[in-house]
Amino acid sequence: MSKDAVTTATAAPSTAAATPADAGDAGYSKDLKARHVNMIAIGGAIGTGLFLGAGGRLRDAGPALALAYLVCGVFAFFVVRALGELVLYRPSSGSFVSYAREFLGEKGAYVAGWMYFLNWSTTGIADITAIALYTHYWSAFTDIPQWVLALVALAVVLAVNLISVKIFGEMEFWFAIVKVATLVAFMLIGVFLLATRHEVGGGTPGLSMITDHGGVLPHGVLPVVLVMQGVIFAYAALELVGVAAGETAEPEKVVPRAVNSIMWRVGLFYVGSVVLLALLLPGSMYSAGESPFVTVLSKIGVPAAGDVMNLVVLTAAMSSLNSGLYSTGRILRSMASAGSAPKFTARMNRSQVPYGGILLTCAVCVLGVGLNFLVPAQAFEIVLNVASLGIISTWVIIMICHLVFVRRARAGLVTRPSFRLPGSPVTEIVTVVFLLSVLVLMWNDPEVGRKTLLLVPVIAAMLVGGWYGGVRRKVAAGG
């Protein structure tokens, strides 16, 4: 679909309902309710990045990790707020890929879509790896090979996604309920321990846990900077609100409420949890291999704390895999409608689910099953770092799309909705600079960050090769 066609569609409200501005939006059901979208927003903000990743980051960065979560959370909110404005301007299941097509051209949509696919397909590998690792926690599953458990998890979530969008919404709703209930319960326990000065791991909780163990920055500023990449990955999936809006009946009511609630959720769940963890135990007592919540609960003798938290972290990984298959299916269908993705990814089943794109993502995840077979110990870290490149590039493209959108609005070509990103264009520019600076600072981490950055030229070469190797001709021919 050309940019001229998009402009015509958005300029003519009387025909917009009959002819979607993005050809890839046709055929979807509107079965996602307000509670589904709200919980998708919550689920996107709470995942394994907090339940599992916070332990190792707290050990490395100290209590200043709370500040890192706050700073990254503010910029994540800016990204979702910008996307929310674009959604209200024109809801689309193609989300930012559809907006990139309108404001940056088909090349922009091509890069946005495949980088997002890179993010979620590699995140999917990380998720099935994590699910297999968490399942091995229970003795009943220790004899089952890691790759078998990964394959079973992928098959279950694939089945759920192919049935209907309503089933996906229900699954995410209950996944989010489990995660929120667990966090609230832990925070109540933590506040009680602080208020009663109950001994935790041989020490008395309070500010002394920070002041007597090196202060807010026990290891200096650099470790805090280096964990930024992981912190941003922890917020990945917040942009799912924009994708889900294309399958809800009243996006103008649902999206602003869901987007605005993200900020206080970030403050309460991420920053609040890390502050509590820092006040309960010194950072040196946490580890990358164990959930920090399990560490605290085990120190106060809570029975089966490990089993309960392991189940919750398992739920978070299943939720992430579920979301990844959902979103890439919609994004690839939008791309296929213009010729920048394989034709079969545009196919839908009787339940109005784009099964072609979902199956393509699953095919990459199956490669991840092979990775679990060959290098089970390194599989998780390998794909996690590749995924971070995908999410940072996606967020940068969203902000650039919003900049062009605002510029066109000022020229009278489009109309901005009342729900707006504040401080434009400064907010977009500062956010883009921050995200790019995180990539630059990754070079200071020779073990992980530097190796990840060395993949950038490889990915760029693959994108250029794909475009000139056939995608450009398909786009020129109209898909």
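Mentor: Leaving out neighbours up to four places away in sequence, valine 404 is in contact with Phe103 and Leu104. Keep in mind that this is a predicted model.

Trainee: Where does valine 404 sit?

Mentor: In helix H19, which covers residues 379-410.

Trainee: Why is valine 404 called buried?

Mentor: Its relative accessible area is 15%. Buried means under 20%. The value falls under that cut-off, so valine 404 counts as buried.

Trainee: Is cysteine 401 buried or exposed, and how do you know?

Mentor: Buried. Its relative accessible area is 0%, and the limit is under 20%.

Trainee: What do the totals say about the protein?

Mentor: Of its 479 residues, 58% are buried. The secondary structure comes to 22 helices and zero strands. Take the contacts between residues at least 6 apart in sequence: 79% of them join residues at least 24 apart.

Trainee: Now the rings. How many aromatic pairs are there?

Mentor: The count is 16, with ring centres required to lie within 6.5 Å.

Trainee: What makes tyrosine 69 and tyrosine 270 a pair, and why is the pair called tilted?

Mentor: Their ring centres are 5.0 Å apart, inside the 6.5 Å limit. Their planes meet at 45 degrees. Stacked needs under 30 degrees and edge-to-face needs over 60.

Trainee: Which parts of the chain does the pair of tyrosine 69 and tyrosine 270 tie together?

Mentor: Tyrosine 69 belongs to helix H6 (residues 65-89) and tyrosine 270 to helix H15 (residues 251-280), so the pair joins parts 201 residues apart in sequence. Tyrosine 69 has 0% relative accessibility and counts as buried. Tyrosine 270 is buried too, at 0%.

Trainee: What is the geometry of the pair formed by phenylalanine 186 and phenylalanine 293?

Mentor: Edge-to-face. The planes are 80 degrees apart, and the label needs over 60. Centre to centre, the rings are 4.6 Å apart. Phenylalanine 186 is in helix H10 (residues 165-196) and phenylalanine 293 in helix H16 (residues 292-299), so parts 107 residues apart in sequence are tied together. Phenylalanine 186 is buried at 4% relative accessibility, and phenylalanine 293 is buried at 1%.

Trainee: Why are H16 and H17 called roughly antiparallel?

Mentor: They pack at about 165 degrees, with axes 9 Å apart. Roughly antiparallel starts over 145. The angle passes that mark, so the label holds. H17 covers residues 305-336. The crossing is right-handed. Phe293, Val294, Leu297 and Ser298 of H16 meet Ala305, Gly306 and Met309 of H17.

Trainee: Why is H6 oblique to helix H20?

Mentor: Their axes come within 10 Å and cross at roughly 130 degrees. Roughly perpendicular ends at 115 and roughly antiparallel begins over 145. The crossing falls between, so H6 is oblique to H20. The crossing is left-handed. H6 contributes Val71, Cys72, Phe75, Phe78 and Val79, while H20 contributes Thr427, Val430, Thr431 and Phe434.

Trainee: Which residues do ring pairs link into a cluster?

Mentor: Phe75, Phe77, Phe78 and Phe434.

Trainee: What places the charged end of arginine 81 over a ring?

Mentor: The charged end lies 4.1 Å from the ring centre of phenylalanine 419. The distance limit is 6 Å.

Trainee: Last one. How do you know that helix H13 is largely enclosed?

Mentor: H13 spans residues 228-235, and eight of its eight residues are buried, so the rest of the structure largely encloses it. Those residues are Met228, Gln229, Gly230, Val231, Ile232, Phe233, Ala234 and Tyr235. Just after H13, alanine 237 takes a positive phi of about 105 degrees.

Methods: Residues are numbered from 1 along each chain as its sequence is written. This is a predicted model: local features need pLDDT of at least 70, side-chain atom pairs count only at pLDDT 80 or more; totals for chains, interfaces and linings use all residues. Side-chain values use heavy atoms; hydrogens and water are left out. Rings of Phe, Tyr and Trp (its six-membered ring) pair if their centres lie within 6.5 Å; planes under 30 degrees apart count as stacked, over 60 as edge-to-face and the rest as tilted. Helices (H or I, at least four residues) and strands (E, at least two) are DSSP runs, numbered from the N terminus. Buried means under 20% relative accessible area, exposed over 50%, partly exposed in between (1.4 Å probe, protein chains only). A charge sits over a ring if NZ of Lys or CZ of Arg is within 6 Å of the ring centre and within 35 degrees of the ring normal. Axes are lines fitted to C-alpha atoms, for helices over the stretch in contact, and angles run from 0 to 180 degrees between N-to-C directions. Angles under 35 degrees count as roughly parallel, over 145 as roughly antiparallel, 65 to 115 as roughly perpendicular and the rest as oblique. A crossing is left-handed if the near helix is turned anticlockwise from the far one by less than a right angle, and right-handed if clockwise. Contact means heavy atoms within 4.5 Å.
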